[in-house]
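Work through the exercises below with the model open. Try each task before reading its solution.

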Amino acid sequence: MAITQLKAKIVSNERVKNNYWLLRLECAEIAGKACPGQFVEIRVGEGAEPLLRRPISIHDAHKAGISLFYETVGRGTRMLSERARGSLLDVIGPLGNGFACDGLNKKNRIVLVAGGMGVAPLVFLAKRLKTIEPLVLIGARTKAQVVCLREFKDAGCSVKIATDDGSAGFKGKVTGLLESCLGQGGFSQIFACGPDPMLKAVANMARDNSIGSQLSLEEHMACGIGACLGCVVNTKNGYKRVCKEGPVFSGEELVW
Ligand SMILES: Cc1cc2nc3c(=O)[nH]c(=O)nc-3n(C[C@H](O)[C@H](O)[C@H](O)COP(=O)(O)OP(=O)(O)OC[C@H]3O[C@@H](n4cnc5c(N)ncnc54)[C@H](O)[C@@H]3O)c2cc1C
Ligand code: FES
């Protein structure tokens, strides 16, 4: 699929809560090709600084553009949060291989597992899987860090929450909640995005329960387009680039 570089007009760039921001971009060309799990590379500054683009998942896509959901964690994402409505953002995308969801239907019981900012690409996926009504598990440190609950519910999903401190939902890691859900049986596929330890635990649980898993990795990236080999991960089929062959890999393929 062709990759596009363009200057996308910022339709809005608003703080949702805490350090979480929602950015809407006018870029029909990227939106028309985008699949859940793919990402864009953004030049966050107006000039050449910082040199490296920042990868952000496609959170939603519609006819006229895409939206991105991001957390300010450092210089680049802070600069992004300062970009004003109406200005132009240099964007490359859609990049990478997203989630494979063709052929899924209501007979498939699907669970989406999001750890922290892992919610970002899974909202787009949930909307694509709307007719299947997936179960969504959101893991966060505290209730204040639970985000995108409304978006998942509006997409017809049932949602369960896990918080480390028990301030909302299940007390403990989202993988603990997943374990109890899998115990009910009937699931055929897990889609997950979040920190590596969570993804590793999800892959192990999927294997133990003979369920397929598709995991979106958030490796540090330099070029983002497959040229620098800065983002490789070990797989049963050799080293692969997260930005090019990923970011979504099957859990059985990854070597942790
Ligand atoms: C394919 C992909 C999709 C992503 N999608 C999203 C998204 O939808 N929303 C979102 O908020 N973030 C997403 N990220 C992470 C995002 O790219 C980083 O948070 C961002 O690049 C940090 O830039 P910075 O300059 O603000 O922070 P830096 O100053 O570069 O780093 C600040 C802190 O963030 C950590 N960090 C930096 N890059 C990453 C990374 N790739 N993964 C995990 N931790 C990182 C650093 O270790 C450091 O602790 C994604 C990353 C990848 C690879
Ligand atoms: S970031 Fe350069 S190859 Fe992936």
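**Exercise 1: a surface patch**

L229, V232 and Y239 make a nonpolar surface patch of about 330 Å². Patch residues have over 30% relative accessible area and no salt bridge, and nonpolar side chains (Val, Leu, Ile, Met, Phe, Trp, Tyr) are joined within 5 Å. A salt bridge is a side-chain nitrogen of Lys or Arg within 4 Å of a carboxyl oxygen of Asp or Glu. Areas come from the Shrake-Rupley method with a 1.4 Å probe, and only the protein chains shown count as cover for residues.

This is a predicted model: local features need pLDDT of at least 70, side-chain atom pairs pLDDT 80 or more, while totals for chains, interfaces and linings use all residues. Residues are numbered from 1 along each chain as its sequence is written.

Task: Where is V232, and how exposed is V232?

Solution: Step 1. Find strand β14, residues 232-235; V232 is there. Strands are DSSP runs (E, at least two residues), numbered from the N terminus. Step 2. V232 has a relative accessible area of 34%, so V232 is partly exposed. The classes are buried (under 20%), exposed (over 50%) and partly exposed in between.

**Exercise 2: stacked rings**

Task: How is the aromatic pair of Y20 and F69 arranged?

Solution: Step 1. Rings of Phe, Tyr and Trp (its six-membered ring) pair if their centres lie within 6.5 Å; planes under 30 degrees apart count as stacked, over 60 as edge-to-face, the rest as tilted. Step 2. Y20 and F69 lie 6.1 Å centre to centre, with 15° between the planes: stacked. Step 3. Y20 is in strand β2 and F69 in strand β6, 49 residues apart. Step 4. Both Y20 and F69 are buried.

Methods. Chains are lettered from A and ligands numbered from 1 in the order in which they are written. Side-chain values use heavy atoms; hydrogens and water are left out. Patches are made of residues with over 30% relative accessible area and no salt bridge: like charges are joined within 9 Å, nonpolar side chains (Val, Leu, Ile, Met, Phe, Trp, Tyr) within 5 Å. Helices (H or I, at least four residues) and strands (E, at least two) are DSSP runs, numbered from the N terminus. Buried means under 20% relative accessible area, exposed over 50%, partly exposed in between (1.4 Å probe, protein chains only).
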